[in-house]
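Please have the sequence and the 3D view open side by side. The report below is meant to be read against both.

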Amino acid sequence: MNSLRILIVDDSPAMRAYVRRTVQLASLPVKNVFEAANGQEALALVEKENRDPKKLDLIFCDLNMPVMNGEEFVTKLKSTDRDSQIPILIISTDATQRRVMRLRELGAQGYISKPCQPEMIRLKVHQILGETAPAAV
Amino acid sequence: MIDHDQDRSDVMANDMVDAARDVLNIMFFNDILEESPVLPEPLPHAIQVHVRFEGDGEGEFHMEIDGDAAGALTGSFLGSEPDAQPSREEVDQVVGELGNMLCGAFLSRFEKESIFNLSSPVVARDPATVPVNANDAVGRSLQLLDGNMSLRVRWNATAA
């Protein structure tokens, strides 16, 4: 797996720090980590950072956020020509089947419900990026 | 009818404790040592977190946690050194996220087929700023490894 450029979208600074640390614990080859506190900030950051040759590889996204929530963000991102290919992994406490189905329909590639362990994040990232997960370190 | 309401309250309380145990075990490396009926009065000097939810039903979730437990959970969540003292801002951010996770995890258990939107958690240290709504709420008191926590959930009448 190449070095990853990832974006973490969550209104909670504590949760952003947790995901950042968890990604490191999961031994994923992360090169750059960008952070946004809501969907609107994330769209602006994607506009700025997702440019050749430095594309974003993955977006971790919460659902319940002020200003622009996760569903709105997924909908807007997936409606763009330039940025719709960036995979989105939702991390949220809302694990109801209906919610997961709706997010899949909107175009999110994966869903992890909190509480979540680093191993689950590692497996999902490999699954979404289309590679077999190596054994945990 | 009374039995039905009592059954619903029991299921709610059990789901609340199970959700709390999952969240505390997996993300905070902590555990519940004892559980008991929630006390009508707030925990003294507790940090309070309030989350409203709406959607297929609506209501509010309220968490109180004492300072010792809040400090220990913050350190675990952020991966701090064991003797490091988290800042007040870090504690507020982490207990806010904890309240958010507990509310979401509880709703996902208790109303599996429903969809809810959660408000951003409101963290307060002044008991007067957050309504407790103890009289018509279902709740549990939990003894953790490093202190105490209490959880309450109240459904609006139209939601039940």
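## Model

This is a predicted model. Read every distance, angle and area below as a value computed from that prediction.

## The sheet of chain A

Chain A holds an open sheet of five strands. Their order is E2-E1-E3-E4-E5, and the pairing is parallel. E2 (30–36) and E5 (110–113) of chain A stand at the edges. Each has a single partner strand, so one side of each is left without a neighbour in the sheet. On average, neighbouring strands of this sheet are turned by 20° against each other, direction ignored.

Take one pair in detail. Strand E1 of chain A spans residues 4–9 and pairs with E2(A) in the parallel sense over six bridges. Val9(A) has Ala36(A) in E2(A) as its bridge partner. Strands of a sheet pair through backbone hydrogen bonds, either parallel or antiparallel.

A helix covers part of this sheet. Helix H5 of chain A, residues 118–128, lies across E1, E3 (58–61), E4 (88–92) and E5 of chain A. Helix H5 runs at about 175° to E5(A).

## Where the chains meet

How many residues does each chain bring to the contact? Chain A gives 22 residues and chain B gives 26 residues. About 2,000 Å² is buried between chain A and chain B. Carbon and sulfur atoms give 56% of that area. Three residues supply more than any other three on the chain A side: Thr93(A), Arg98(A) and Pro115(A). Together they make up 27% of the area that chain A buries against chain B.

Polar links also cross the interface. Ten residue pairs are in polar contact between chain A and chain B, both residues at pLDDT 80 or more. Two helices of chain A, H1 (13–25) and H4 (97–106), each supply at least two residues of the side that touches chain B. H1(A) gives the most, with six residues. By type, the residues of the side of chain A that touches chain B divide into nine nonpolar, six polar and seven charged.

## Salt bridges

Over all chains, the structure holds 18 salt bridges. Two salt bridges are counted between chain A and chain B. The side chains of Arg98(A) and Asp56(B) meet in a salt bridge at 2.8 Å, N to O. Arg98(A) is also one of the three residues named above for buried area.

Another salt bridge lies within chain A. There, the side chains of Arg20(A) and Glu35(A) meet at 2.8 Å, N to O. Why does this pair tie together separate parts of chain A? Glu35(A) lies in strand E2 and Arg20(A) in helix H1, so the pair ties together parts that are 15 residues apart in sequence.

## Strand E2 of chain B

E2 of chain B, residues 47–55, runs antiparallel to strand E3 of chain B, residues 59–65. Seven bridges join the two strands. A hairpin of three residues leads from E2(B) to E3(B). Arg52(B) stands opposite Glu60(B) in E3(B).

E2(B) is also joined to strand E5 of chain B, residues 122–124. The two run antiparallel, with three bridges. His50(B) stands opposite Val122(B) in E5(B). E2(B) pairs with strand E4 of chain B, residues 116–118, in the antiparallel sense over three bridges. Here Gly55(B) has Phe116(B) in E4(B) as its bridge partner.

Definitions and conventions: Residues numbered from 1 in each chain as written. Chains lettered and ligands numbered in written order. Predicted model: local features only at pLDDT ≥ 70, side-chain atom pairs only at ≥ 80, totals over all residues. Heavy atoms only, no water. Pairing = 2+ DSSP bridges. Helix = DSSP H or I, 4+ residues; strand = E, 2+ residues; numbered from the N terminus. Axes fitted to C-alpha atoms, helices over the stretch in contact; angles between N-to-C directions. Contact = heavy atoms within 4.5 Å. Buried area = accessible area lost by both parts, 1.4 Å probe. Salt bridge = Lys/Arg side-chain N within 4 Å of Asp/Glu carboxyl O. Polar contact = N/O pair within 3.5 Å; in protein donor to acceptor, adjacent residues only side chain to side chain. Nonpolar A, V, L, I, M, F, W, Y, C, P; charged D, E, K, R; others polar.
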